[in-house]
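Q: Can you walk me through this one? I'd like to go piece by piece.

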Amino acid sequence: MTPSARVQAAIEILDEVIASALDDGPPADTIVQRYFKTRRYAGSKDRRAVRELVYRAIRRSGERPDSGREAMLGLADEDAELDALFDGSPHGPALREGDAGAPARLLPAWIQGELSQHVTSDEWPALLERAPLDLRANVARVSREDLLGRFEGAVATHHSPWGLRLPPDTRVDDHPAFVEGLVEVQDEGSQLIALACQPSNGLDMLDLCAGAGGKALALASAAPEARIIASDTNRARLAQLGPRADRAGAAIAVRLLDGGREAEQLADLNDHCDVVLVDAPCSGSGTWRRNPEGRWRLAPDRLDKLVSLQERLLDLAAPLVKPGGALVYATCSLLRREGADQAGNFLGRHSSWIGQDVGFDGGRPDGAGRLLSPAHDATDGFFVARFVRPC
């Protein structure tokens, strides 16, 4: 591919990413992979160069551009060599002819007032920096120290006792330790949420919004003799847990729930669980460094719906906790309404419950919980709070 053809390819991919953001479709990395599956003529250098252009444009445009061309023109406004590639060549982009580029902005304007008080403007650039690759040791079968020497460039994570950190883009899916179930890919912040559950053998633990089961697997690794149930309403995501649990050698029960009938289907667990984890659906604002197009997917009305859903899930979870047990609430979000405000509102509705320290040293106190952020903790952004039901 010529340099101009690479720019045109990036424009076409960005058009798909923008459309997908509007329709809640697949993420950018899936779109990039799908684009090149039907374009075998593109070599590895071409694919790498196009991908870099796509993500540079996404990271630069906090507000969703109208088109991929507008996004790329924004980059060209700051890069004379790139600007020259809008040359009208047969496989390249059309001449500019006065077309305006998308303005540079880290975050959508409306979201700035929604951020936690801790996430000040000096922290915003870190929200879009490239993230490292974190692994979690399956400590039921191997120690972290035994694994560190098996991955080139690996260092121990600072806060999680289970984590290893590798350089970005390290490939691990064919590494023997991964194939053997000795490690899982999991950000250190996500590991700390499992740590906040204080997993211990003999406990009855429910991961209410388990998704593909990453945190349920972390709980099973730390407490292999605990009784763990993973539930969710998303069949496709929950189906991923079975093969992962088999690889890890973890015993996790699975419950697929029907939306709207969750309370009925979980009634046998009322007053039964030592720990209920509510890792609630959220804005994903804490993972924008991994999925920067997530800024284009979020809108005020969607945030309102997410906040309402989080509140409902917390109230669904509360009766499942036995007296003296704990409810752990977490979101991969840096937004106040999904974190400190949501936790404070829960304690307002359940005034006899007690907020408890989450049990790890990362993050900063934020209302009734703690906030992890990329700039402060070098993790994805998470809010986590732990509530104890009175005896």
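A: The axes of helix H1 (residues 3-23) and helix H4 (residues 68-76) come within 7 Å and cross at roughly 125°. Keep in mind that this is a predicted model.

Q: Is H1 oblique or perpendicular to H4?

A: H1 is oblique to H4. The crossing angle is roughly 125°, and 65 to 115 degrees is the range for roughly perpendicular, while over 145 counts as roughly antiparallel.

Q: What is the hand of the H1 and H4 crossing?

A: H1 and H4 cross in a right-handed way.

Q: Which residues make that contact?

A: H1 brings Val-7, Ala-10, Ile-11, Leu-14, Asp-15 and Ile-18. H4 brings Gly-68, Arg-69, Ala-71 and Met-72.

Q: How many of the residues in the contact of H1 with H4 are nonpolar, polar and charged?

A: There are 7 nonpolar, 1 polar and 2 charged residues.

Q: Next, Leu-53. Which helix does Leu-53 lie in?

A: Leu-53 lies in helix H3, residues 44-60.

Q: Is Leu-53 buried or exposed?

A: Leu-53 is buried, because its relative accessible area is 11% and buried means under 20%.

Q: What does Leu-53 touch?

A: Leaving out residues up to four places away in sequence, Leu-53 touches Arg-6, Val-7, Ala-10, Met-72, Leu-75 and Leu-82. Val-7 and Ala-10 of H1 and Met-72 of H4 also take part in the H1 and H4 contact.

Q: And how far apart are Leu-53 and His-159?

A: In sequence, Leu-53 and His-159 are 106 residues apart. In space they are 34 Å apart, C-alpha to C-alpha.

Q: Back to helix pairs. How do H8 and H9 cross?

A: H8 covers residues 188-196 and H9 covers residues 214-222. Their axes come within 9 Å and cross at roughly 55°. The two helices are therefore oblique to each other. H8 passes H9 in a right-handed crossing.

Q: Which residues of H8 and H9 meet?

A: From H8, Ser-190, Ile-193 and Ala-194 meet Lys-215, Ala-218 and Leu-219 of H9. By class, that contact has 4 nonpolar, 1 polar and 1 charged residues.

Q: New topic: cores. How many residues has the largest nonpolar core?

A: The largest nonpolar core has 42 residues. Leu-206, Leu-208, Val-276, Val-278, Leu-327, Tyr-329 and Phe-387 have the most contacts inside it.

Q: Which helices and strands each supply at least two residues of this core?

A: The strands are S8 (273-279), S9 (321-331) and S13 (382-388). The helices are H14 (300-317) and H15 (340-349). H14 gives the most, with 7 residues.

Q: What does Leu-208 touch?

A: Not counting residues up to four places away in sequence, Leu-208 touches Ser-231, Asp-232, Leu-266, Val-276, Leu-277, Val-278, Leu-313, Leu-316 and Ala-317.

Q: What about the second core?

A: The second core is separate and has 35 residues, including Ala-194, Leu-203, Leu-238 and Leu-372. Ala-194 is also one of the H8 residues that meet H9.

Note on methods. Residues are numbered from 1 along each chain as its sequence is written. This is a predicted model: local features need pLDDT of at least 70, side-chain atom pairs count only at pLDDT 80 or more; totals for chains, interfaces and linings use all residues. Side-chain values use heavy atoms; hydrogens and water are left out. Axes are lines fitted to C-alpha atoms, for helices over the stretch in contact, and angles run from 0 to 180 degrees between N-to-C directions. Helices (H or I, at least four residues) and strands (E, at least two) are DSSP runs, numbered from the N terminus. Angles under 35 degrees count as roughly parallel, over 145 as roughly antiparallel, 65 to 115 as roughly perpendicular and the rest as oblique. A crossing is left-handed if the near helix is turned anticlockwise from the far one by less than a right angle, and right-handed if clockwise. Contact means heavy atoms within 4.5 Å. Ala, Val, Leu, Ile, Met, Phe, Trp, Tyr, Cys and Pro count as nonpolar, Asp, Glu, Lys and Arg as charged, and the others, Gly among them, as polar. A nonpolar core is a set of buried Ala, Val, Leu, Ile, Met, Phe, Trp, Tyr and Cys residues joined through side-chain atoms within 4.5 Å. Buried means under 20% relative accessible area, exposed over 50%, partly exposed in between (1.4 Å probe, protein chains only).
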